[in-house]
Amino acid sequence: MAAIDCGTNSIRLLVADLPEESTGAPLTDLTRRMEIVRLGQGVDRTGRLAPEAIERTRVALASYAADIEKLGAERVRMCATSASRDAANADDFTEMVRGTLGVAPEVVSGDEEARLSFTGAVRGLPTDAKEPFLVVDIGGGSTEFVVGDRAAGVRAAISVDIGCVRMTERHLPGDPPTSEQVKAAEADIAAAVDRALAVVPGREAATLVGLAGSVTTVVAIAQGLREYDPERIHHARVSYEAVAQVTADLLGQTRAQRLAIPVMHPGRADVIGAGALVLRVIMERAGMPSVVASEHDILDGIAWSLQPTTAR
């Protein structure tokens, strides 16, 4: 099965063999890929997908389509999230995807996005991870909050429009951003987080699980890694104090300084400060002393949705 997650900042591919649902076995990865295409470039300001952003996405998608064919995937599901929900010219994007991949993208709702993220994150968590879980997926345009547990699944979910690209474009143009810019971003993020926590009982959760590149990059920096190592990042637990220190450091650095960090993806350097700030504010407002990072997220949730017994 092939799963594609097309978000505001990145587009990712997972081709995997799926076990029978009754076995409880994990996915068997055949390939995982990620490209920063910044599909959401300027959407917060213009309400439209930029032609050059659609073209960057097309190039990455054509390469993914070649891998899918080579590996012989029997089913393909592509989910497009925040940027293509917001865009007035979403039909241009859909036409491009259909012509490149052969299937249309599903522009999933924020609620569906949250549920897929929860499924991907919770399967495979260590058995000693305390429930209930608050899963947060910090994307480029939006952040999903989901509370649930293994047995009952999702209890509550919400998507709010705070993401690393959106917050950078809206509040953090400086290089580095000024203290006034950071305060404005923090106030915007805090208001959105409080709205989310009024719907989703995140303060009652026992474990915070953080998903996506902003979280895993912050965790990698906090660990002092000299290269990005998914195995060391996956399920690593980092304290609030460490997250706060990394956030302060990133917001005080220029883009060139952030680019020099060994674990930094070049396409993330200009927005990682905002992503770290979103994580820090969530931990503060939810009263979470630590976060557990997961390399498994909505992409894995999309793949699980293609199991033969639950295929759409």
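Helices (H or I, at least four residues) and strands (E, at least two) are taken here as DSSP runs, numbered from the N terminus. The model is predicted, and local features need pLDDT of at least 70, side-chain atom pairs count only at pLDDT 80 or more, while totals for chains, interfaces and linings use all residues. Residues are numbered from 1 along each chain as its sequence is written, and side-chain values use heavy atoms, with hydrogens and water left out.

**Backbone exceptions**

Most residues other than glycine have a negative phi, and most peptide bonds are trans. Ala 212, in the loop between β9 and α8, has a positive phi of about 85° although it is not a glycine. Arg 38, in the loop between β3 (28-36) and α1 (43-46), is likewise not a glycine and has a positive phi, near 50°. Buried means under 20% relative accessible area, exposed over 50%, and partly exposed in between (1.4 Å probe, protein chains only). Ala 212 counts as buried because its relative accessible area is 16%; Arg 38 is buried at 15% relative accessibility.

| Peptide bond | Form | Omega |
|---|---|---|
| Glu 131 to Pro 132 | cis | near -5° |
| Asp 175 to Pro 176 | cis | near 5° |

Pro 132 sits in the loop between α5 (110-122) and β6. Pro 176 sits in the loop between α6 (164-171) and α7.

**The six-stranded sheet**

Strands of a sheet pair through backbone hydrogen bonds, either parallel or antiparallel. Two strands are said to pair if DSSP finds at least two bridges between them. An open sheet of six strands runs in the order β8-β7-β6-β9-β11-β10, with mixed pairing. Its edge strands, β8 (153-160) and β10 (237-239), each pair on one side only. On average, neighbouring strands are turned by 25° against each other, direction ignored. Axes are lines fitted to C-alpha atoms, for helices over the stretch in contact, and angles run from 0 to 180 degrees between N-to-C directions.

Within the sheet, β6 (residues 133-138) and β9 (residues 207-211) pair in the parallel sense over five bridges. Asp 137 stands opposite Leu 211 in β9. Helix α7 (residues 179-199) touches β7 (143-149) and β8, and its direction makes about 155° with that of β8. Helix α8 (residues 213-222) touches β6, β9, β10 and β11 (290-294), at about 115° to the direction of β11.

**Nonpolar cores**

A nonpolar core is a set of buried Ala, Val, Leu, Ile, Met, Phe, Trp, Tyr and Cys residues joined through side-chain atoms within 4.5 Å. The largest one has 54 residues, and Leu 134, Phe 145, Ile 162, Ile 189, Val 193 and Leu 279 touch the most other members. Helix α12 (residues 272-286) supplies the largest share of this core, 10 residues. Beyond its neighbours within four places in sequence, Leu 134 contacts residues including Phe 145, Val 147, Leu 208, Val 209 and Met 288. A second, separate core of 25 residues includes Val 15, Phe 93, Met 96 and Leu 101.

**Arg 12**

Arg 12 belongs to strand β2 (residues 10-17) and counts as buried because its relative accessibility is 14%. A polar contact is a pair of N or O atoms within 3.5 Å; within protein, one must be able to donate a hydrogen and the other to accept it, and residues adjacent in sequence count only if both atoms are side-chain atoms. The Arg 12 side chain makes such contacts with the side chains of Asp 5 (2.8 Å) and Asp 297 (3.0 Å).

Definitions and conventions:
Contact means heavy atoms within 4.5 Å.
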